[in-house]
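Colleague: I would like to learn how to read a model like this one. Can we go through it feature by feature?

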Amino acid sequence: MDGIQILYDGQCPFCSAYVTMTRLRSAVGAVELIDARSDHPLVGEVRAAGYDLDEGMLARFRGKDYFGADCVQLLSELSNREGLANRMTSAVLGRRARARVLYPVLRLGRNTTLRVLGRKPIG
């Protein structure tokens with residue numbers, strides 16, 4: 001399949017903003033955004049494969065799964081650099097080492113925000 005599938009938490013304001021901000025179509029073609037809280041078949045498939053979608057977002061690109069820090073690093077590498085936010089995100093998360101260090105902090109922010117908003121975990 002040409003393109004990319006991205007599983008993210010549709011109830012997380014940061015996750016939603018991030019996946020809509022990245023401009024991937026020019027680099028990968030079709031972009032399918034999938035709410036990890038939905039009954040989309042890919043959600044069940046990745047859960048069965050052992051991925052905890054409360055611990056990270058997932059991208060499926062060219063037959064390979066990218067999870068958590070690897071996912072945001074991939075998206076940062078693939079997104080075009082138009083706009084200040086995309087350039088900054090690419091500079092910060094486009095390197096594997098930085099993405100791995102920062103991703104737990106981003107996940108903590110997500111989890112804290114969901115608790116404050118009264119939203120339940122995905123799982």
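**Reading the fold, step by step**

Modeller: Start at a turn. In the hairpin of S3 and S4, two residues lie between the strands, and Arg62 takes a positive phi near 55°. Keep in mind that this is a predicted model.

Colleague: Next, the whole sheet. What is the strand order?

Modeller: The order is S2-S1-S3-S4, in an open sheet of four strands with mixed pairing. Strand S2 (31–35) and strand S4 (64–67) are the edges, each pairing on one side only. From one strand to the next, the twist averages 20°.

Colleague: Which residues partner Ile6 on the two sides?

Modeller: In S2, Ile6 has Leu33 as its bridge partner. In S3, the partner of Ile6 is Ala59.

Colleague: Now the helices. How do I read a helix pair?

Modeller: Ask for the approach, the angle and the hand. Take helix H4 (residues 69–78) and helix H6 (residues 96–116): their axes come within 8 Å and cross at roughly 130°.

Colleague: Why are H4 and H6 called oblique?

Modeller: Check the angle against the cut-offs: only angles over 145 degrees count as roughly antiparallel, and 65 to 115 as roughly perpendicular. The crossing is at roughly 130°, so H4 and H6 are oblique to each other. The crossing of H4 past H6 is right-handed.

Colleague: Which residues make the contact between H4 and H6?

Modeller: From H4, they are Ala69, Asp70, Val72 and Gln73; from H6, they are Arg96, Ala99, Arg100 and Tyr103. By class, the contact holds four nonpolar residues, one polar and three charged. An α-helix has 3.6 residues a turn, so residues three or four places apart point the same way.

Colleague: Is H4 mostly covered or mostly open, and how many of its residues are buried?

Modeller: H4 is mostly covered, with eight of its ten residues buried. The buried set is Ala69, Cys71, Val72, Gln73, Leu74, Leu75, Ser76 and Leu78.

Colleague: And loops? Where does Asp54 lie, and is Asp54 buried or exposed?

Modeller: Do not guess from the residue type. Look up the accessibility. Asp54 lies in the loop between helix H3 (41–48) and S3. Its relative accessibility is 13%, so Asp54 counts as buried. Leaving out residues up to four places away in sequence, Asp54 touches Arg107, Arg110, Asn111, Pro121, Ile122 and Gly123.

Colleague: Which residues does Ala30 contact beyond its sequence neighbours?

Modeller: Set aside those within four places in sequence, and Ala30 contacts Asp2, Gly3 and Ile4. Ala30 and Gly3 are 27 residues apart along the chain, yet their C-alpha atoms are separated by 4.3 Å.

Conventions. Residues numbered from 1 in each chain as written. Predicted model: local features only at pLDDT ≥ 70, side-chain atom pairs only at ≥ 80, totals over all residues. Heavy atoms only, no water. Pairing = 2+ DSSP bridges. Axes fitted to C-alpha atoms, helices over the stretch in contact; angles between N-to-C directions. Parallel < 35°, antiparallel > 145°, perpendicular 65-115°, else oblique. Left-handed = near helix turned anticlockwise from the far one by under 90°. Contact = heavy atoms within 4.5 Å. Nonpolar A, V, L, I, M, F, W, Y, C, P; charged D, E, K, R; others polar. Buried < 20%, exposed > 50% of the residue type's maximum accessible area, 1.4 Å probe, protein only.
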